[in-house]
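Subject: Structure handover

Hi,

Here is the model we talked about. Please look it over, then read my notes below.

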Amino acid sequence: MKYSELSIQTQRAAPADIRTEGFAFLYRAGYLSRTGELLPLGQLAVQQLEQAWHKPEFEANVQNYLDRLGVPTSHSEDTGEYFAQFKNAGEEILLCPACGYAARHELARCHRQPFSQEEPQPVEKVLTPECSTIAQLALFLGIPQQKTCKALMFTRLQDEKLIFVAVRGDLQMSEAKLKTLVGEVRLATPQEISACGAVPGYASPIGLRNSLIVVDELVTLSSNLVAGANEHGYHLKNTNYPRDYAANLVADVCLANPTDKCLACGAPLELRLAEPVFSDGQLLFEKLLMILAEIAHDEKGLALPAEAAPFAIYLMNVPGKTLDTASAAEKLYHLLTDAGLSVLFDDRNERAGIKFNDADLIGCPVRITVGERGLQNGLFEIKQRRDTEIRQIDLDTLIAELRPV
Ligand SMILES: [Zn+2]
């Protein structure tokens, strides 16, 4: 296709407030509008990515495909998602570098160990004034937060049921895990909490009514935890599951932390920035283009892999003094397209410097230049976008080298 037919508008600079380097290059190279809509060049790139995915060589295997594109990815077996890792990614995953386990941070599982294992002791009610937070309670009783049980109360949207969640005092509950388990929830109001027999700040699952009790796995493995007495100003020492209360659901509902140990192999987990590129059984091609722009560029512009480039070849001429390099380039353009190659022919009447800059910016894998000196010897200049080497080769070699396999 000819440059003039695609109405490409490259930009010298991106606005200062543009999100990321990759986005800036997509904008400057004319793939995206300022507001992020795909322009013709961007649409072609996304089409290329889609077509490449349907090639038999990938055997419909997402990992093979993403590997070929050079995207560092992790696969979450829990959700079936594939995550691309790159510098400016907007989400977090926890990854085990040892065994490859990966999951969204809010859903990641990890190995949990009880703080200490003791014989269950009898429950003891203690006065704990001004102890409505775990930190105050632990300080007042002189115990680590790992020896306490924390209560969180929600109301389920679908049926207004109170969802009472008990987790170990030092851990943070994951709302994402809770929602997976019970559905959408909101924070319970003080009235809703009182109606079930709980007292905010001093709540525990003991003696509750009309509520769905969710107890975190680790609480069920712990002994003698301090929990609320459901009475203002009082806590209970030595609460033990299931001796002192029942649960409707026992599950992992806590956030894993970076450096927690991998559930599968025991190695420390690591936090990485990532974004899903395969989710709900779908490859997200447009997002993939954005991600490739982040990871496949240099200071001059995009350097997309062949599978994502809108054209395989950027063809241009350098105006000659005696020879008509523009006509020679036009002739070569037809020869190359007749050979089945996808070519972007820069047919503008512009200075060579501008064309070289745009070639680098747009980032097709191969640049071919028709210049006067080469033409006198029947040679064309070829350069790979990701290499610095420039070679002069004849037409037959050129076509043989570039012909799609
Ligand atoms: Zn592991």
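Into which domains is the protein chain divided? There are three entries: domain 1 (3–108 + 270–302), domain 2 (124–251) and domain 3 (313–402). The bounds come from an automatic or database domain assignment. Between the C-alpha centres of domain 1 and domain 2 the distance is 42 Å.

Two points on reading this. The model is predicted: local features need pLDDT of at least 70, side-chain atom pairs count only at pLDDT 80 or more, and totals for chains, interfaces and linings use all residues. Residues are numbered from 1 along each chain as its sequence is written.

Helices and strands are DSSP runs, numbered from the N terminus (helices: H or I, at least four residues; strands: E, at least two). Two strands pair if DSSP finds at least two bridges between them.

The core

The largest nonpolar core has 104 residues. Such a core is a set of buried Ala, Val, Leu, Ile, Met, Phe, Trp, Tyr and Cys residues joined through C-beta atoms within 7 Å. Buried means that 20 or more other C-beta atoms lie within 10 Å of the residue's own (exposed: 12 or fewer; partly exposed: in between), with C-beta atoms placed from the backbone. Phe-164, Leu-292, Ile-313 and Leu-315 have the most contacts inside this core. Leaving out residues up to four places away in sequence, Leu-292 touches Leu-69, Val-71, Leu-304, Pro-305 and Ala-308. Contact means C-beta atoms, placed from the backbone, within 7 Å.

Helix packing

Helix 9 (residues 285–295) crosses helix 3 (residues 40–53) at roughly 110 degrees, and their axes come within 9 Å. That makes helix 3 roughly perpendicular to helix 9. The cut-offs are 65 to 115 degrees for roughly perpendicular, under 35 for roughly parallel and over 145 for roughly antiparallel; the rest count as oblique. Axes are lines fitted to C-alpha atoms, for helices over the stretch in contact, and angles run from 0 to 180 degrees between N-to-C directions. On the helix 3 side, Gly-42, Ala-45, Val-46, Leu-49 and Glu-50 meet Phe-285, Glu-286, Leu-288 and Leu-289 of helix 9.

Helix 2 also packs on helix 9. Their axes come within 7 Å and cross at roughly 105 degrees. So helix 2 is roughly perpendicular to helix 9. Glu-21, Gly-22, Phe-23, Phe-25 and Leu-26 of helix 2 make the contact with Met-290, Ala-293 and Glu-294 of helix 9.

Which residues of helix 2 are buried? They are Gly-22, Phe-25, Leu-26, Tyr-27 and Arg-28. They pack against helix 3, helix 9, strand 15 (297–298), strand 16 and helix 11. Gly-30 follows helix 2, with a positive phi near 85 degrees.

Helix 11 (residues 352–362) has Lys-355, Asp-358, Ala-359, Asp-360, Leu-361 and Ile-362 buried. These pack against helix 2 (21–28), strand 16 (301–302), strand 17 (313–317) and strand 19 (366–370). Gly-363 comes after helix 11, and its phi is positive, near 75 degrees.

An open sheet of five strands has the order 18-17-19-20-21, with mixed pairing. Strand 18 (343–345) and strand 21 (390–394) are at the edges with a single partner strand each, so one side of each has no neighbour in the sheet. From one strand to the next the twist averages 25 degrees. Strand 20 (residues 379–384) and strand 21 run antiparallel, joined by five bridges. Lys-383 has Ile-390 in strand 21 as its bridge partner.

Helix 10 (residues 325–338) covers strand 17, strand 18, strand 19 and strand 20, at about 160 degrees to strand 17. Helix 13 (residues 395–402) lies across strand 17, strand 19, strand 20 and strand 21, at about 110 degrees to strand 21.

Strand 6 (residues 149–156) and strand 7 (residues 162–168) run antiparallel with seven bridges. Leu-152 is bridged to Val-165 in strand 7. The two strands form a hairpin with five residues between them, and Glu-160 in the turn has a positive phi of about 60 degrees. Strand 6 also pairs with strand 8 (residues 185–187), antiparallel, over three bridges. There, Thr-155 stands opposite Arg-186.

Best wishes

Notes: Two residues are in contact if their C-beta atoms, placed from the backbone, lie within 7 Å.
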